[in-house]
Amino acid sequence: MATMLQGLQFYPGKSIVHRLDPRVKLFLSSALLITTLLYLEVTITTLIIAIEAILAIISRTMKRWIKTVYGAAPLVIAVFAMNYLVRSFSYGEFFSPTGLYESFAAAYRLIALLASFSIFFLTTTPEELGMTLTKFKIPYMYTFAFVSAIRFTPVLAEELQTIMDAQRSRGLELDKGGPLAKIRGYIPILVPLIVNVLRRSYELAEAMEVKCFGASKKRTFLKELKMSSKDFAALAMITLFLGSAIYLRFFYPLRIP
Amino acid sequence: MCGVDRRKTRDARGENKTLKLIEVKDLSFRYSGSDSYALKNVNLSISEGEFVVLAGKSGCGKTTLLRCLNGLIPHFYEGDFSGTVKIDGMETSKNPPHILAQTAGMVFQNPDNQLFALTVEADIAFPLENLGLPRDVIRERVEWALRLLNISELRDRSPFELSGGQKQKVAIASVIAMKPKILLLDEPTSSLDPLSAKNLIDSIVELNKKERLTIIISEHRLELLLPHADRLIIMDEGEIIYNGDPRKILEKDLLIYGVSMPKVSEVARYVNAVNHSIFKEIPLTVEEFVQALRRYLDDKDRGG
C-alpha cells in the first residue's frame with residue numbers, strides 16, 4: 001500500500017523546471033513526444049532521451065524518473081517481442097538484422113514517449129494541473145472532480161487498509177486458494193468500502209453545500225497561472241526545437257545513421 | 001463584482017435591533033424515511049456573542065438542530081419540517097444555503113470530509129472562490145483567517161500532512177473566512193486526542209472572545225467547554241430538556257441524559273450531599289473548586 005501511495009505523492013521542488021508554467025511544460029513534453037514520433041532513427045531517440053535525462057537532472061527527479069521508466073519495462077519488452085514476431089513473419093526470416101533493429105527502435109521510442117510525460121508529472125503539482133485545466137476553459141465541475149480524486153485517493157487507500165486489517169483480524173484469508181477464491185475473498189472488503197464511500201460522499205456533499213459550492217455562476221480563483229519572462233523564453237526555445245525537428249524531417253531530410 | 005454576497009440581503013431587510021440573532025419557534029422535523037421525529041417542538045433564542053454548549057446522548061437531535069440553524073434542513077435533507085427558524089432575521093426555509101452559510105458557518109465532525117483542496121491556503125479560499133469574490137478580497141480574508149487560527153505556517157501544506165487537530169482548525173478557518181456571525185460546530189473534537197481537543201477548544205473560545213462570534217457547539221467533553229459557556233442546552237429524544245446556566249443543572253446527576261459533567265463538579269456535588277454549605281454554587285474548574293473550599297475554611301476559622 002505504501003508504494004501505491006508513493007506514486008501519487010508529489011515531491012515539491014524548487015528547480016527551474018518545477019517553476020516553469022505547467023502549460024509550457026505540457027508543451028515541452030508534447031514537443032518531445034511529437035519529435036519522437038517523427039523520427040524512426042535510434043540516434044534521434046537517443047538524443048531525445050538525453051534531453052529528458054538532462055531535464056531530470058536539472059529538476060533533481062532523476063531517481064524517480066528512472067523508476068518510472070523502469071516500471072514500464074514489461075510494456076517495452078512486450079512491444080519489442082510483438083514487433084519482432086510480426087516483422088519476422090512478414091520478412092519470412094528470423095534473426096534478420098533489420099527486423100531486430102526496427103523492433104529495437106520501436107521499443108526504444110516507447111521509452112522516450114513515456115519518459116517525456118513522466119518529466120511533466122514529476123515536476124507539476126496536482127494543484128497546478130487543476131489550474132492548467134481551468135486555463136484551458138474546462139468547466140470547473142470537471143476540474144473539481146479531478147482535484148477531489150487526487151485529494152481523496154490516499155484517504156480511500158487508508159480506509160481500504162483499515163477494512164482489510166479489520167476483516168483479516170476476523171479471520172478472512174486473502175492470500176489463500178485459487179484465483180477465483182481470491183476474488184471471492186475480496187467481497188467482504190469491497191462491500192464495506194463501497195458503503196463507506198457512499199456515506200462519505202454524502203458528508204462531502206453536505207460540506208460543499210455549506211461552503212457555497214456552485215453559488216456564483218462566475219467563480220473566481222485565488223491563484224491563477226501567469227506566464228513570466230522565463231516561461232516565454234522556454235516557450236520560444238521549445239518552438240524553435242519543434243519547428244526545426246519538423247522542418248528537417250519533411251523538407252530537408254538528413255541522412256541519419 | 002462580488003457574485004453572491006450576503007450584504008445585499010441584509011440591506012434589503014434593514015437592521016432591526018430588537019431581533020435575536022437566532023430565533024427558533026415550534027420547530028419539529030422528521031427525516032423522510034424515518035418514523036419518529038428527530039426534533040419535537042423546539043423553541044430557542046440566542047443573542048449575538050453567546051457561547052452555547054449543546055449536550056445530550058448520541059441521536060438526541062443535536063446534529064439535527066445544528067442542521068436546522070444553517071438551512072441544511074430543510075434544503076439539503078428532506079422530511080417533514082414545521083415551525084420557523086430565523087437567523088439574523090432571515091427565515092432559513094426561504095433563503096438558499098449559500099446565503100445562510102455566510103451568516104451561520106458550520107464545521108462538521110470528520111475533518112477529512114470537509115477539506116477539498118490540495119493546500120491549506122486553497123482550502124480556506126474555496127468557499128470564497130465559490131462565492132465569486134474578487135481576488136484581493138479573497139487574499140485578504142485568507143490571511144485574516146490563517147492569522148486568527150494561528151495556522152499561518154501551515155499555508156502550503158497539503159491536507160495529508162496535517163494532524164486531526166490541524167485539519168479541524170483549517171476547516172474552521174475556511175468557514176470563518178466567509179465572515180459569518182454564527183459558528184456551528186458539530187462534535188469537532190470527537191476524533192482528537194485530549195491535548196489537540198483542548199487546543200482546538202481554546203481557539204474556539206478565542207474566536208468567541210476576540211471576534212464576538214456566536215458559538216454553538218455540540219460536545220461530549222464538557223469539562224473543557226463549560227467554564228467558557230454562557231449557556232448549556234441539554235437535549236433528549238428531540239426535545240430541549242434544559243436551557244440555561246450550566247451551574248444550576250450540574251447540581252443534578254446528568255449521566256442519564258448522556259452528559260458527563262466535569263469531574264470537579266461531580267466531586268462538589270457529592271460533597272454538597274453531605275454538607276450543603278461548602279459549595280454555594282457548583283464549581284466548573286479546579287480553580288473555582290479550590291477557591292470555594294478556601295472560602296469555606298476561612299469562614300469556618302472565623303466562625304469557630
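Two strands are said to pair here if DSSP finds at least two bridges between them, and the helices (H or I, at least four residues) and strands (E, at least two) are themselves DSSP runs, numbered from the N terminus. With these terms, B:Lys86 stands opposite B:Glu91 in E5(B).

The structure is a predicted model, in which local features need pLDDT of at least 70 and side-chain atom pairs count only at pLDDT 80 or more, while totals for chains, interfaces and linings use all residues. Residues are numbered from 1 along each chain as its sequence is written, and chains are lettered from A and ligands numbered from 1 in the order in which they are written.

**Confidence and chains**

The predictor gives the complex an ipTM of 0.84 and a pTM of 0.83. For chain B the average pLDDT, which is the predictor's confidence in each residue on a scale from 0 to 100, is 89, and 93% of the residues score at least 70. Residues 5-17 of chain B have a pLDDT below 50, and this stretch has 7 contacts in the model beyond near neighbours in sequence, where two residues are in contact if their C-beta atoms, placed from the backbone, lie within 7 Å. Chain A is divided into domain 1 (4-124 + 227-250) and domain 2 (139-210), with bounds that come from an automatic or database domain assignment. The centres of domain 1 of chain A and domain 2 of chain A, taken over C-alpha atoms, are 34 Å apart.

**The four-stranded sheet of chain B**

Strands of a sheet pair through backbone hydrogen bonds, either parallel or antiparallel. In chain B, an open sheet of 4 strands has the order E2-E1-E4-E5, with antiparallel pairing. The edge strands of this sheet are E2 (39-46) and E5 (90-91) of chain B, each of which pairs on one side only. The table lists strand pairs of chain B with their bridges.

| Strand pair | Sense | Bridges |
|---|---|---|
| E1(B) and E2(B) | antiparallel | 5 bridges |
| E1(B) and E4(B) | antiparallel | 8 bridges |
| E4(B) and E5(B) | antiparallel | 2 bridges |
| E3(B) and E8(B) | parallel | 4 bridges |

Within this sheet, B:Leu27 stands opposite B:Val42 in E2(B), and B:Lys25 stands opposite B:Thr84 in E4(B).

Helix H2 (residues 62-69) of chain B lies across E1 (22-31), E2 and E4 of chain B and runs at about 120° to E1(B); such angles run from 0 to 180 degrees between N-to-C directions, with axes that are lines fitted to C-alpha atoms, for helices over the stretch in contact. H2(B) is mostly covered, since 8 of its 8 residues are buried, a residue being buried if 20 or more other C-beta atoms lie within 10 Å of its own, exposed if 12 or fewer, and partly exposed in between, with C-beta atoms placed from the backbone. Among the buried residues of H2(B) are B:Leu65, B:Arg67 and B:Cys68.

**Backbone details**

Just after H2(B), B:Gly71 takes a positive phi of about 85°. A cis peptide bond, with omega of about 10°, joins B:Ile73 and B:Pro74, and B:Pro74 is found in helix H3 (residues 72-75) of chain B. B:Asp26, which is not a glycine, has a positive phi of about 45° and has its place in strand E1 of chain B; because it has 11 C-beta neighbours inside 10 Å, B:Asp26 counts as exposed. B:Asp88 also has a positive phi, near 50°, and lies in the loop between E4 and E5 of chain B, but B:Asp88 is buried, with 24 other C-beta atoms within 10 Å.

**The six-stranded sheet of chain B**

An open sheet of 6 strands in chain B has the order E6-E7-E8-E3-E9-E10, with mixed pairing. E6 and E10 (239-244) of chain B stand at the edges, each with a single partner strand, so one side of each is left without a neighbour in the sheet. From one strand to the next the twist averages 15°. In E8(B), B:Ser218 is the bridge partner of B:Leu54. Helix H7 (residues 164-176) of chain B lies across E6 and E7 (182-186) of chain B, at about 165° to E6(B).

**Where the chains meet**

In the model, 36 residues of chain B are in contact with 26 residues of chain A. The elements giving two or more residues to the side of chain B that touches chain A are H4 (97-100), E6 (104-107), H5 (120-130) and H6 (135-148) of chain B, and the largest share, 6 residues, comes from H5(B).
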